[in-house]
Amino acid sequence: MLIDERILQLKQSLETARTEMLPNLEEANSWHIKGYILLVHAEFESFIEDIGVYIADLALSLWIESSKSTIALSYLIMFFTPEKVQGDFLTRLHKCHKNYKNNVKGNNGIKSDHVFKLLGKLGLALDLVDVTLDGDLDSFGTKRGEIAHSNSGQITTSLNASDIVTSVENMSKGLSKIGNEVNRVLS
């Protein structure tokens with residue numbers, strides 16, 4: 001499923017939940033918005049990780065099948081070569097690939113530093129995709145962190161459902177544009 005489709009499903013769930021409120025309208029609305037933020041964050045994180053794994057897998061496969069060197073393969077070697085690596089070139093490539101996948105498994109967020117570790121270190125230039133995406137992801141990641149890691153779900157930033165939905169839709173559009181960058185780093 002494409003990121004835009006999944007985000008639309010989450011938005012519809014939020015709208016449905018907000019029309020079927022609990023007795024305390026304000027408190028219920030707040031919890032539905034918080035849930036929406038947590039689920040959208042998970043979707044964005046999964047989407048970013050899946051793109052990274054796709055690129056790493058395809059870059060390795062292109063080399064194995066046709067000795068095609070790609071930008072992504074060069075970045076994979078540059079950033080994920082173990083300090084003490086032995087063996088022939090293919091063995092070393094497999095170790096780089098494994099290190100990258102371990103990096104993905106250890107990922108824990110969508111802020112720009114996390115995205116750089118997953119996609120930037122494969123050669124993707126996200127600032128060319130969408131100039132505001134990094135800042136928007138950082139802000140959204142902070143909101144998610146406040147919700148997930150605070151007592152009683154208390155957060156310091158205000159939660160306006162329509163602002164959150166608009167922000168999510170903008171980030172989703174930005175993430176959807178990554179395809180051109182994927183093609184570039186695999187060429």
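Guide: Phe79 counts as partly exposed because its relative accessibility is 34%; buried means under 20% relative accessible area, exposed over 50%, and partly exposed in between (1.4 Å probe, protein chains only). This is a predicted model, in which local features need pLDDT of at least 70 and side-chain atom pairs pLDDT 80 or more, while totals for chains, interfaces and linings use all residues. Residues are numbered from 1 along each chain as its sequence is written, and side-chain values use heavy atoms, without hydrogens or water.

Phe79 belongs to helix α3 (residues 71–80); helices are DSSP runs of H or I of at least four residues, numbered from the N terminus. Together with Met78 and Phe116, Phe79 forms a nonpolar surface patch with about 310 Å² of accessible area. Such a patch joins nonpolar side chains within 5 Å, from residues with over 30% relative accessible area and no salt bridge (a Lys or Arg side-chain nitrogen within 4 Å of an Asp or Glu carboxyl oxygen). Areas follow the Shrake-Rupley method with a 1.4 Å probe.

Beyond four places in sequence, Val168 touches Ile7, Tyr36, Val40, Phe44 and Phe140, contact meaning heavy atoms within 4.5 Å. Leu14, in helix α1, is buried because its relative accessibility is 4%; Leu14 also contacts Tyr36, as well as His32, Ile33 and Val165.

Definitions and conventions. Patches are made of residues with over 30% relative accessible area and no salt bridge: like charges are joined within 9 Å, nonpolar side chains (Val, Leu, Ile, Met, Phe, Trp, Tyr) within 5 Å. Helices (H or I, at least four residues) and strands (E, at least two) are DSSP runs, numbered from the N terminus.
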